[in-house]
Structures are given as C-alpha cells and as structure tokens.
Amino acid sequence: MKVTVVGAGAVGASCAEYIAMKNFAAEVVLVDIKEGFAEGKAMDLMQTASLNGFDTKITGTTGDYSKTAGSKVAVITSGIPRKPGMTREELIGINAGIVKEVTANLVKHSPNVIIIVVSNPMDTMAYLVHKTSGLPKNQIIGMGGALDSARFKYRLAEALECPISDVDGMVIAAHSDTGMLPLMSKATRNGVPVTEFLSAEQQNYVEEETKVGGATLTKLLGTSAWYAPGAAVSVMVQAILCDHKKMIPCSLMLDGEYGESDICLGVPAIIGANGVEKIVEISLTDAEKEKFATAAKAVREVNGDLKF
C-alpha cells in the first residue's frame, strides 16, 4: 500500500523513515515545494534500506501530486514550523492556506484517502480539512493525542523512576499548551493507578511538563521536534494499513460525543482500515469535564479565524 507524506522537512522525513523501517508499506511518497528537496530526502533514506533491513520504496517529488495517486493514507506535515515564543495558534494564518491547497491536491488524485493532519494548530487544521475536503469524517484524523500521550508517559516514567514499558496513560482535549488534558486519574503502572505512587505535587509537575512538552523542545532546539511526532504518525499509519483496531487518542470531528459538536478535539478512538472505526467515550471526573469544555471553547475561538 502507498503512503504519501506532504512536507519533507524534519517531521515529514522522520515520518517516512519510521514508516519505512517498520516495513509494512509498499511505498512512501515524499512531496515538497522546494525543488529537489523531497527527491534528495528520499534518496538519502533509500540508501539506508540495506543497512536498516527494509524493502519499502521511498520516492520524492517536487509538487507533482500525480505521483501520490492511489495513496491509502496521506500525512500532512507541511506549513511553517513553530518558532521559539510562538504558540501553535499563531501559525493559523499561514498554515491554513497551505493545508487547504495540499488537501485539494491529495483528494484529487486519491479520492478515498485517509488523511492524518500534523500541521499546527493541529485541531484547527483538522477541522479545516473536514470543512474543505468533502471526505467522510472517519477519513480525517488529527495526530496530536498520540504524541501528547507519548510525552505524558515519558514524564510519568521519569517521575516514577521506572521503565516506560511499565506505564500507560492518555492525553485528550486540545493539542495546545493550555488545552491538553493528561488523564492522571486513568494513568497506571502495570495496572496500578499512578496516583498510588505519586504525590499531588508530583502529579501536577507531570501534567504541566506534559502540556508544555512541545514548547520545551522548541526552546531547546530552536524549532519544532521531529522524532516523536514522526514515530506517533508511524503508529497511526500502521494501525490503518494493518487494520490493528488500536485505541489511539487523536483529534476527531465530534458530533455530540463528550458534549461537543462541530469541532475537532482529542479523544480516544479505535483506528483501523477505515480510519476512525469508533470514537470511544470514557468517563471523566467533573474537573476533567470542565477542562475539556474549556479546551473546546479555546479551539472554537481559533477556528473562528479560519477562512474557507
């Protein structure tokens, strides 16, 4: 099966690399607007194939979307990256135009494609794809929750001083520094609630560090992170192509779930061959419900700046 990744920068190239190394896709097509850039990244990655033991074909193209025809999944990473001090929401003006054009080109050549949106502000960009693509809502997925949950588990393992394989946890709501909702009440270490191991102060530290996980890396790196986003995308793409029916928190169009409608927000969902197989509604505490509603209000405000 063919996977397209639009944007051959650090995030897009990492997506392509992780997908290829897992060896479940027949072909990955990298697309970029910079002349020769995607072709060069594809060639460099293909020269690792014999070293890393994968047979996935990686090709690159400068804006020729005809080469993406027949893609089962397309990943949109294109847009300007977040710079130090810049919020995801501040990216909307530039990235909305890019994402809208990219979506139209993808759907033109792959009318049944499942789109994974990575570009920020991610919840709003996913909403834009819903409003402009004409695709069924099960075929449009925002990536944020998978990445945010990975960062949550990293901080939990750090606080617990345990192997990360011991830890499970989930982040829902918005993919923003203020709108993330790490579900501490449901996080576990080998099935035991982490609240039995961590003090209230430690729990608060983990939650806050999770929420600014992206901003922390942007400050350190001078640009957005790429390894973890690429890995998060690869897990989602594999769940679709291999029909894993895996439960992954991701940004989806809600229609009454969690008390919200006409908005994309992070919620757990079963991801399989049809994209979103089912949105999973879990019980939330009153405090979590309030935070979810607050996050929704903030995302709606950003969505209001969209021009379709």
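A pocket is an open set of points on a 1 Å grid over the protein atoms alone, with protein on both sides within 12 Å along at least five of seven lines. A cavity is a set of such grid points where a 1.4 Å probe fits but cannot get out. This is a predicted model: local features need pLDDT of at least 70, side-chain atom pairs count only at pLDDT 80 or more, and totals for chains, interfaces and linings use all residues. Residues are numbered from 1 along each chain as its sequence is written, and side-chain values use heavy atoms, without hydrogens and water.

**Second largest pocket**

- Its volume, the space filled by probe spheres set on points joined across faces, edges and corners, is about 440 Å³.
- The lining (residues with an atom within 4 Å of a point) counts 21 residues.
- K153, D168, G169, M247 and P249 lie nearest the pocket centre.
- Helix 6 (144-160), helix 9 (227-241) and strand 12 (246-255) each supply at least two lining residues; helices (H or I, at least four residues) and strands (E, at least two) are DSSP runs numbered from the N terminus.
- Helix 6 gives the most, with five residues.
- By class, 14 lining residues are nonpolar (Ala, Val, Leu, Ile, Met, Phe, Trp, Tyr, Cys, Pro), four are charged (Asp, Glu, Lys, Arg) and three are polar (the others, Gly among them).

**Largest cavity**

- The structure holds one cavity of 30 Å³ or more.
- The largest cavity has about 40 Å³ of space.
- Its lining includes M122, D123, D148 and H175.
- Helix 5 (122-133), helix 6 and strand 8 (171-173) each give two or more residues to this lining.
- The cavity lining divides into five nonpolar, four polar and two charged residues.
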